[in-house]
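Me: Can you take me through this chain? Start with the contacts, then go wider.

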Amino acid sequence: MVCYLCNKDATEFYSDYFCIRCKKIQDIMKLYPNVLETLEFCYIRNEKQVDNKKELVIKKKLSFADVLSGVKTRSKTKELNDIESVD
């Protein structure tokens, strides 16, 4: 029989509804009644968080492009030092 929650794993016994992993989830939910609120808080973004994430990504792309234009590798630094020493 297939698990009722994940629909992937087989149940341990024929009379069970959940696989071993989903049974653990069920046990945790019995111990901690506010599991749903915790999961929503940790894993689901609200509108304010989505807007903030968009702004951060846009800023990150701009700053990353700025950083790439000014990247100095060891070989570039050596070339610059050689050119400065010749002058």
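**Contacts and surface**

Reply: Thr11 is in contact (heavy atoms within 4.5 Å) with Met1, Val2, Cys3, Asp16, Tyr17, Phe18 and Cys19, leaving aside its neighbours within four places in sequence. This is a predicted model, where local features need pLDDT of at least 70, side-chain atom pairs count only at pLDDT 80 or more, and totals for chains, interfaces and linings use all residues. Residues are numbered from 1 along each chain as its sequence is written, and side-chain values use heavy atoms, with hydrogens and water left out.

Me: Where does Thr11 lie, and is it buried or exposed?

Reply: Thr11 lies in the segment before H1; helices are DSSP runs of H or I with at least four residues, strands are runs of E with at least two, and both are numbered from the N terminus. Thr11 counts as buried because its relative accessible area is 11%. Buried means under 20% relative accessible area, exposed over 50%, and partly exposed in between, with a 1.4 Å probe and protein chains only.

Me: Asp16 was on that contact list. What does Asp16 touch?

Reply: Not counting residues up to four places away in sequence, Asp16 touches Met1 and Thr11. Asp16 is also in the segment before H1.

Me: And which side chain of opposite charge is nearest to Asp16?

Reply: Lys23, at 5.3 Å. Asp16 is buried yet has no salt bridge, which would need a side-chain nitrogen of Lys or Arg within 4 Å of a carboxyl oxygen of Asp or Glu. For charge, Lys and Arg count as positive and Asp and Glu as negative, while His and the chain ends are not counted.

Me: Switching to backbone. What is phi of Asn7?

Reply: Near 55°, a positive value in a residue other than glycine. Asn7 lies in the segment before H1 and is exposed, since its relative accessible area is 56%.

Me: Which residues make the nonpolar surface patch?

Reply: Met1, Tyr4, Tyr14 and Tyr17 make a patch of about 530 Å². Patch residues have over 30% relative accessible area and no salt bridge; like charges are joined within 9 Å, and nonpolar side chains (Val, Leu, Ile, Met, Phe, Trp, Tyr) within 5 Å. Tyr14 comes in the segment before helix H1 (20-31) and counts as exposed because its relative accessibility is 69%.

Me: How many helices and strands in the protein chain?

Reply: Four helices and zero strands. Buried residues make up 7% of its 87 residues.

Methods:
Accessible areas come from the Shrake-Rupley method with a 1.4 Å probe; for residues, only the protein chains shown count as cover.
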